[in-house]
Amino acid sequence: MVYLQLFYTFFKIGLFGFGGGAAMLSLIQFEIVENHAWITASEFTNMVAVSQITPGPIGINCATYAGYLATGNVLGSAIATFALVLPSFIIMMILYKLMSKFKDNPWVTSVMSVLRPVVIGLIAAAALLLINKETFGENYTDFTAWFFFIAAFVLTKWCKLNPIYMILLAAVCGLIIY
């Protein structure tokens with residue numbers, strides 16, 4: 001039964017998770033922590049951290065990780081990952097056929113212009129979900145975590161530090177400090 005729930009949950013996330021993996025995080029968090037209680041909020045924070053440093057899209061990495069945690073085996077990982085990717089595959093095949101016919105249609109152009117701000121909002125929601133007690137301390141007073149949060153933002157946004165170097169730098173700092 002858990003495999004069917006896992007498939008349905010991640011198929012639904014894949015179907016409604018516009019904007020890629022980072023935008024899906026709020027949906028994933030709601031489903032696996034709040035709705036099904038397969039993992040705790042603390043485990044979710046760890047899952048996101050591991051998924052970010054693991055090669056590949058964060059949404060797929062989270063689905064794989066969550067599938068394993070929910071079932072305790074690789075089959076759960078495979079089902080969650082497949083279910084997450086399947087809606088996108090189906091939709092992309094349909095859209096490819098339609099867009100090749102209607103790419104200059106003003107209705108299509110209008111829909112695409114509306115989807116852009118929605119995606120930005122979903123990514124912002126995912127970022128806000130990670131500002132929690134598990135990450136920044138019980139009263140949000142873990143100043144070391146806040147320092148690294150702000151430093152990572154500044155280094156990637158304004159100093160244009162390559163994200164790979166940012167991950168490596170964060171890993172080294174984490175090993176030294178913690």
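Ser26 is buried, at a relative accessible area of 16%; here, buried means under 20% relative accessible area, exposed over 50% and partly exposed in between, with a 1.4 Å probe and protein chains only. The structure is a predicted model, in which local features need pLDDT of at least 70 and side-chain atom pairs count only at pLDDT 80 or more, while totals for chains, interfaces and linings use all residues. Residues are numbered from 1 along each chain as its sequence is written, and side-chain values use heavy atoms, with hydrogens and water left out.

Ser26 is placed in helix 2; helices (H or I, at least four residues) and strands (E, at least two) are DSSP runs, numbered from the N terminus. When neighbours within four places in sequence are left aside, Ser26 is in contact with Ala125, Ala126 and Leu129, contact being defined as heavy atoms within 4.5 Å. Helix 2 also holds Gln29, which counts as buried at 13% relative accessibility. Apart from neighbours within four places in sequence, the contacts of Gln29 are Glu34, Phe44 and Leu129. The C-alpha atoms of Gln29 and Val48 are separated by 9.7 Å, the two residues being 19 residues apart along the chain.

Thr9, a residue of helix 1, is likewise classed as buried, with a relative accessibility of 1%. Its contacts, leaving aside neighbours within four places in sequence, are Glu31, His36 and Trp38.

The largest nonpolar core comprises 22 residues; such a core is a set of buried Ala, Val, Leu, Ile, Met, Phe, Trp, Tyr and Cys residues joined through side-chain atoms within 4.5 Å. The residues with the most contacts inside this core are Phe10, Ile28, Ile32, Phe44, Met47 and Cys62. Two or more residues are given to the core by each of helix 1 (2-16), helix 2 (21-35), helix 3, helix 4 and helix 5 (74-102). For Cys62, the contacts beyond neighbours within four places in sequence are Leu25, Ile28, Met47, Val48 and Ser51.

Helix 3 (residues 41-53) packs with helix 4 (residues 58-71) at an angle of about 130°, and their axes are 8 Å apart. Axes are lines fitted to C-alpha atoms, for helices over the stretch in contact, and angles run from 0 to 180 degrees between N-to-C directions. The two helices are therefore oblique to each other, given that angles under 35 degrees count as roughly parallel, over 145 as roughly antiparallel, 65 to 115 as roughly perpendicular and the rest as oblique. The crossing of helix 3 with helix 4 is right-handed; a crossing is right-handed if the near helix is turned clockwise from the far one by less than a right angle, and left-handed if anticlockwise. On the side of helix 3, Met47, Val48, Val50, Ser51 and Gln52 meet Ile58, Asn61, Cys62, Tyr65 and Ala66 of helix 4. This contact has seven nonpolar, three polar and no charged residues, where Ala, Val, Leu, Ile, Met, Phe, Trp, Tyr, Cys and Pro count as nonpolar, Asp, Glu, Lys and Arg as charged, and the others, Gly among them, as polar.

Two loop residues concern backbone geometry. Ala37, in the loop between helix 2 and helix 3, has a positive phi of about 55° although it is not a glycine. Ala37 is exposed, its relative accessible area being 55%. Lys160, also not a glycine, has a positive phi of about 55° and lies in the loop between helix 8 (143-157) and helix 9 (163-177). With 64% relative accessibility, Lys160 is exposed.
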